[in-house]
Amino acid sequence: MKKTITNLELQKKNTNRVSVYLDHEFAFGISRFVGTRLKQGEKLDESSIIQLLEKDTKEKVYQKALKFLNYRPRSVHEVKQKMEELGFGESVIDTVVNELLTKNYLNDREYAENWISSRVRSKPRSQKMIKYELLKKQIPEDIIEEALETAPNDNELALCLGKKYLRRFAHIEEKEFIKKITGVLARRAFSFSVIKTVLKELVIIREEST
């Protein structure tokens, strides 16, 4: 049974949404984008209403996802997880995520590269730890491995990290310096062989600077 659209009214609390009245009674609300072609006098059957509501849900998820991405880059997993937390279903989330991927608003490869670049620049740590961090965000392992190919190796990363602590530990004895730097590097998951090699360089740099 078809019903007639008798009124289309912008909602006062959210002017991006439209209240749809069928046969003079409020029926549902939808986004202005979804309801842009609706007209008074148009007749809607149950199937048409369901399609409109499904499109409206998709638009809600899409806008929520864009807002979530606006704060900082996200992985595909992070977006899916957030949308699930907001109570949306798997099917509509997958549809929206695929659209975001197509438009390159979501890109796990770029996400991994940016994550690695940020870590190398501000918080150096071992490639093993970086890989672990990205795996926790469910970035595919092959993407991580490819992104890490262009990153500095562990010796370079460890040396970079160690240099950040030279000034802080400048006035302590060498034995204590070695102990503290060893702890710093070990907590960033660098191997013993890397730590041993880098410590020799750091000790020399420290001596030259004093």
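**Exercises on a predicted model**

Leu 66 is found in helix H1, residues 46–71, where helices are DSSP runs (H or I) of at least four residues, numbered from the N terminus. The model is a predicted one, in which local features need pLDDT of at least 70, side-chain atom pairs count only at pLDDT 80 or more, and totals for chains, interfaces and linings use all residues. Residues are numbered from 1 along each chain as its sequence is written, and side-chain values use heavy atoms, with hydrogens and water left out.

**Exercise 1.** Classify the accessibility of Leu 66 and list what Leu 66 touches.

*Solution.* Buried means under 20% relative accessible area, exposed over 50%, and partly exposed in between (1.4 Å probe, protein chains only). Leu 66 has 27% relative accessibility and therefore counts as partly exposed. Not counting residues up to four places away in sequence, Leu 66 touches Leu 100 and Tyr 105, a contact being heavy atoms within 4.5 Å.

**Exercise 2.** Identify the buried residues of H7 and their cover.

*Solution.* Leu 157, Ala 158, Leu 159, Leu 161 and Gly 162 are the buried residues of H7; their cover includes helix H4 (108–122), helix H5 (127–136), H8 and H9.

Notes. Helix = DSSP H or I, 4+ residues; strand = E, 2+ residues; numbered from the N terminus.
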